[in-house]
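Please walk through this protein with me, from the overall fold to the local details. Keep the sequence and the 3D view open side by side.

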Amino acid sequence: MNKNKKLMIGNEAVSRGLYEGGVNVVSSYPGTPSTEITEFISKYDDVYSEWAPNEKVAMEVAFGASLAGKRSCCCMKHVGLNVAADPLFTLSYTGVTGGMVVCVADDPAMHSSQNEQDSRHYAIASKVPMLEPADSSEAYSFAKGAFKLSEEYDTPVLFRMCTRMAHSQSIVEIGEREDFKGYDYEKKPWKYIMAPANAIKRHPFVEERTKKLTELAENCEYNRVEMGGTKLGIITAGTCYQYIKEGKAHIFTGELKNTKGDIVIEKGQAMSFENILKINWLVQSVRRTGDFLQVTQNPVGSTLEIKQYE
């Protein structure tokens, strides 16, 4: 038996990945389904962890550690990212010194939340990269690699979990902690003080970084192709990948209908984001990319009907 293989819930796998990735400081605000990430990380004596008064403070503490050259993380649930949005958007401009990861756990179907939100919209709006694992093994490996991604592209990295990913279990093959010594602090007011004169100069950097990250996504080790045929392609991420593998999403060649049976998309119509949102409130995002359909959230018990375009 391989002693390095362990059965872990997603949140434990994230904490293990952060630990092995060399995280030094974790500041979070508790909220299901994100809470266990920080609870598990607190068991590692060589990592400073704390509960912050709120999510904004948690993100600012994590940035302070990054500014000092340490690798840091803050964790919160989706509604907490609203509270932390102010520093998030500015940190996109300042960038980081030590790698910084922002773990956010969404709650589709509101098992323990006052609303549904899709945190991917924050990644788009703030122009920072987001990683979205599909099982505990990916949660571990993505979290472990997130710090180097953050440092290489000078950006905080959003790390999206959701209720089912956070609390479901799968096998993780763990490794050893990276011996990260940290970076020396350098005084760079032009980079880290976002007065308008400095922010204007950083804006082109943000746009150029977005182009580089887009190019990275085309050949990134975290993305892969699983060939099962050539008639229809499905681009998916996170929990929805598991639903598709289990047959929870039904793909067929009829019209695209909503829950009332009304045809939403007819032959020849554009697969627009707005039209797709009319299908079913449980489906958060489906997008057309060329000849492919992108399915990104399909909770248990629902069915997704997708028209095959010619």
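**From the whole chain to the details**

Among contacts in the protein between residues at least 6 apart in sequence, 76% join residues at least 24 apart. Contact here means heavy atoms within 4.5 Å. This is a predicted model: local features need pLDDT of at least 70, side-chain atom pairs count only at pLDDT 80 or more, and totals for chains, interfaces and linings use all residues. Residues are numbered from 1 along each chain as its sequence is written, and side-chain values use heavy atoms, with hydrogens and water left out.

The protein holds 12 helices and 13 strands. Both are DSSP runs numbered from the N terminus: helices are H or I with at least four residues, strands are E with at least two. Of the 310 residues, 50% are buried. Buried means under 20% relative accessible area, exposed means over 50%, and partly exposed lies in between (1.4 Å probe, protein chains only).

Now the sheet. An open sheet is built from 6 strands in the order β3-β2-β4-β5-β7-β6, and the pairing is parallel. Two strands pair if DSSP finds at least two bridges between them. Strand β2 (residues 25-28) is joined to β4 (residues 72-77) by 2 bridges, and the two run parallel. Val25 has Ser72 in β4 as its bridge partner.

Follow the sheet to β7. β5 and β7 pair in the parallel sense over 6 bridges. Val102 stands opposite Leu158 in β7. β6 is joined to β7 by 2 bridges, again running parallel. Here Met130 has Leu158 in β7 as its bridge partner.

How many of the residues of β7 are buried? The count is 6 of 6, so β7 is mostly covered (buried as defined above). In a regular strand the side chains alternate between the two faces of the sheet. In β7, Val157, Phe159 and Met161 point one way, Leu158, Arg160 and Cys162 point the other way, and all are buried.

Next, the helices on the sheet. Helix α1 (residues 10-20) lies across β4, β5 (100-106) and β7 (157-162), running at about 155° to β7. Helix α3 (residues 55-67) also packs on the sheet. It touches β2, β3, β4 and β5, and its direction makes about 165° with that of β4. Axes are lines fitted to C-alpha atoms, for helices over the stretch in contact, and angles run from 0 to 180 degrees between N-to-C directions.

α3 has a helical neighbour. The axes of α3 and α5 come within 9 Å and cross at roughly 25°. The two are therefore roughly parallel to each other. Angles under 35 degrees count as roughly parallel, over 145 as roughly antiparallel, 65 to 115 as roughly perpendicular and the rest as oblique. On the α3 side, Lys56, Met59, Glu60 and Phe63 make the contact. On the α5 side, Asp86, Pro87, Leu88, Leu91 and Thr94 do.

Helix α10 (residues 196-219) comes next. Its 24 residues should span 34 Å at 1.5 Å a residue, and its end C-alpha atoms are 35 Å apart, which agrees. The expected span is 1.5 Å times one less than the number of residues. α10 bends by about 30° at Arg202, and Pro204 follows within four residues. The bend is the angle between axes fitted to the seven residues ending at a residue and the seven starting there. Buried in α10 are Asn198, Ala199, Arg202, Val206, Arg209 and Leu213. These residues pack against α5 (85-94), α7 (136-153) and α9 (189-192).

α7 can be checked in the same way. It has 18 residues and reaches 25 Å from its first C-alpha to its last, close to the 26 Å expected. α7 bends by about 35° at Ala146. It is mostly covered, with 13 of its 18 residues buried.

Finally, the backbone. Most residues other than glycine have a negative phi, and most peptide bonds are trans. Thr32 and Pro33 are joined by a cis peptide bond, with omega about 15°. Pro33 is in the loop between β2 and α2 (35-41). Met110 is not a glycine, yet has a positive phi of about 55°. It sits in the loop between β5 and α6 (120-126). Asp154, also not a glycine, has a positive phi of about 55°. Its place is the loop between α7 and β7.

Which of these residues is buried, and which is partly exposed? Met110 is partly exposed, with a relative accessible area of 36%. Asp154 counts as buried, at 14% relative accessibility.
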